[in-house]
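Dear colleague,

I am handing over the structure below, and my notes on it follow. Please read them beside the model.

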Amino acid sequence: MRRIAVAKGDGIGPEIMDAVLKIFYEAKVPLEYVTVDIGKWVFDKGFNTGMTPEARQTIETLGILFKGPMETPKGKGVKSINVTARKTWNTYANTRTFQTLHGVDTVFSKAGIPIDITVVRENIEDTYGGIEHMITNDVAISRRIITRPGSMQVIKYAFEMARKKKARRITCAHKANIMKITDGLFLEVFQEVAKDYPDLKADDVIVDDLCMKLVTKPDTFDVIVLTNLQGDIVSDLCAGLIGGLGFAPSANIGDHICIFEAVHGTAPDIAGKNIANPTALLLSGIGMLRHLGLMESATMIENALLYTLEQGVHTGDFGNKSISAVNTTQFAEAITSNFGKQPGQGAKPHLKDAPVTETMFKLNENVMLESANAPAENIIGVDFFIESDEQPVFIANKCLRHGGVKFKLINISNRGTQVWPTGSVYTNLVNQYNVRFESIDDMPLKQQDILGLYVSLSGDFKICSSELLLMLGDKRAYSLAQGQ
Ligand code: NAD
């Protein structure tokens with residue numbers, strides 16, 4: 001029998017996980033569950049990753065983790081176990097499905113507008129790298145990392161999934177009009193991959209426009225692929241469209257390890273009361289069963305769930321208030337008592353013919369390190385992020401002394417807005433400037449040249465950080481300041 005790792009989680013986690021496993025047990029799902037130690041209480045025991053070494057070993061051996069929500073202890077300087085697990089095991093695609101469920105009333109279901117949206121969110125990169133620094137007392141920065149191989153993995157997965165779903169449309173949402181380099185790269189990869197899927201209608205939309213369209217015309221979207229932070233926000237918006245977080249399942253897909261969990265958190269306000277809604281975790285579990293090829297069990301449980309919802313059975317967080325709410329255990333019992341029942345016309349067949357195999361595409365060990373057809377790279381300048389509370393013109397005069405025969409000072413900006421050689425007196429300044437030097441006559445530079453300038457400039461300023469300005473082939477690989 002296939003073994004999977006199970007972590008019940010914190011808050012309402014144990015209550016809803018017990019309810020779901022009871023349903024699996026009654027449905028005779030052919031799985032064996034190995035409980036692993038992950039969660040807040042493991043942090044409290046002194047394991048600073050929130051997981052014991054044994055738990056890690058078990059999950060890496062079994063390849064599947066079915067988990068309840070987990071709390072990250074506040075103020076202990078530890079990272080979220082949920083994010084750590086996704087990143088450690090490179091579960092690069094976070095898939096969240098949002099479908100109209102009969103019996104769960106929303107403005108859209110009442111208006112007869114069906115929703116069936118799958119959000120595929122990149123799960124490793126972006127600002128979720130959590131690489132953040134205070135570079136002066138007043139200035140915090142965060143690095144946003146978007147890579148070509150990382151984007152490729154998640155976008156290829158999204159296209160494969162869309163094809164299996166027989167999606168009407170796959171949409172890349174982004175902010176490439178502003179973040180031309182990071183989101184621009186993500187969009188470029190999407191457009192590249194789209195060429196291999198001529199059977200799918202692929203398009204793109206600016207993420208703010210997407211949000212407006214999702215709340216006005218949600219039925220026009222099908223599969224949406226986004227970078228990490230934007231995907232996180234859009235997912236919750238989509239959860240709202242179909243009745244809330246209690247109905248939003250998610251799968252974190254990697255090549256070796258996959259994690260299935262609900263989108264919602266530990267709901268501390270209702271923990272221990274046996275009133276939480278287990279639907280999102282159950283839907284995540286059903287997705288897991290399909291992922292493992294256990295189609296019959298998945299369909300039987302899903303039909304029973306949909307039938308139960310249609311009957312108006314509900315926990316306190318949703319449903320018809322004129323019908324009294326049941327508790328978590330009763331909700332699970334109602335589902336098991338409906339095994340074998342078929343939901344009515346509101347239900348739709350859920351990807352029955354779309355088994356998702358564990359290894360959708362195998363990547364060779366080092367594929368992330370490859371940079372196919374990388375263009376010639378030239379260093380043509382450097383950005384120094386310096387601390388100063390002086391006037392830009394004084395900073396410029398000092399900088400001009402350091403350029404020597406190789407560098408010219410191009411501009412100075414503050415929070416991304418140019419303040420020298422030209423600027424507006426209305427621009428508010430913080431005590432951290434970006435001074436940009438480029439090579440005279442576009443002569444390629446060496447790293448040693450940059451270090452020479454760094455040493456010289458550090459005589460006048462605290463240098464908080466620096467970035468090389470690169471040309472990749474004939475493409476500028478850095479952004480211009482606002483107003484440059
Ligand atoms: P939350 O999702 O736990 O709760 C938000 C609201 O939704 C609360 O009112 C809660 O009662 C309600 N709710 C959530 N799930 C429900 C359910 N199944 N049934 C009925 N009502 C439900 O979000 P939060 O309060 O922001 O976070 C609480 C904790 O959960 C935090 O420690 C957070 O870090 C953690 N969290 C964990 C995960 C995860 O494990 N993947 C995800 C999100 C938040």
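How many Å from an oxygen atom of the ligand does a polar side-chain atom of N82 lie? The distance is 3.0 Å, in a model that is predicted. Residues are numbered from 1 along each chain as its sequence is written, and side-chain values use heavy atoms, with hydrogens and water left out. Local features need pLDDT of at least 70 and side-chain atom pairs count only at pLDDT 80 or more, whereas totals for chains, interfaces and linings use all residues.

Two further polar contacts (pairs of N or O atoms within 3.5 Å) involve the ligand: an N or O atom in the side chain of E261 is 3.1 Å from a ligand nitrogen atom, and a polar backbone atom of A267 is 2.7 Å from a ligand oxygen atom. The protein buries 67% of the 820 Å² that the ligand exposes when taken alone (accessible areas by the Shrake-Rupley method with a 1.4 Å probe). Around the ligand there are 20 residues, of which the closest are M70, G265, A267, D269 and N277 (a residue counts if one of its heavy atoms lies within 4 Å).

As for the chain, an automatic or database domain assignment divides it into domain 1 (1–89 + 256–374), domain 2 (91–252) and domain 3 (377–476). The centres of domain 1 and domain 2, taken over C-alpha atoms, are 21 Å apart, and their contact (heavy atoms within 4.5 Å) takes 33 residues from domain 1 and 34 residues from domain 2. Between these two domains the count of salt bridges is zero (a side-chain nitrogen of Lys or Arg within 4 Å of a carboxyl oxygen of Asp or Glu).

Best regards

How values were computed:
Polar contact = N/O pair within 3.5 Å; in protein donor to acceptor, adjacent residues only side chain to side chain.
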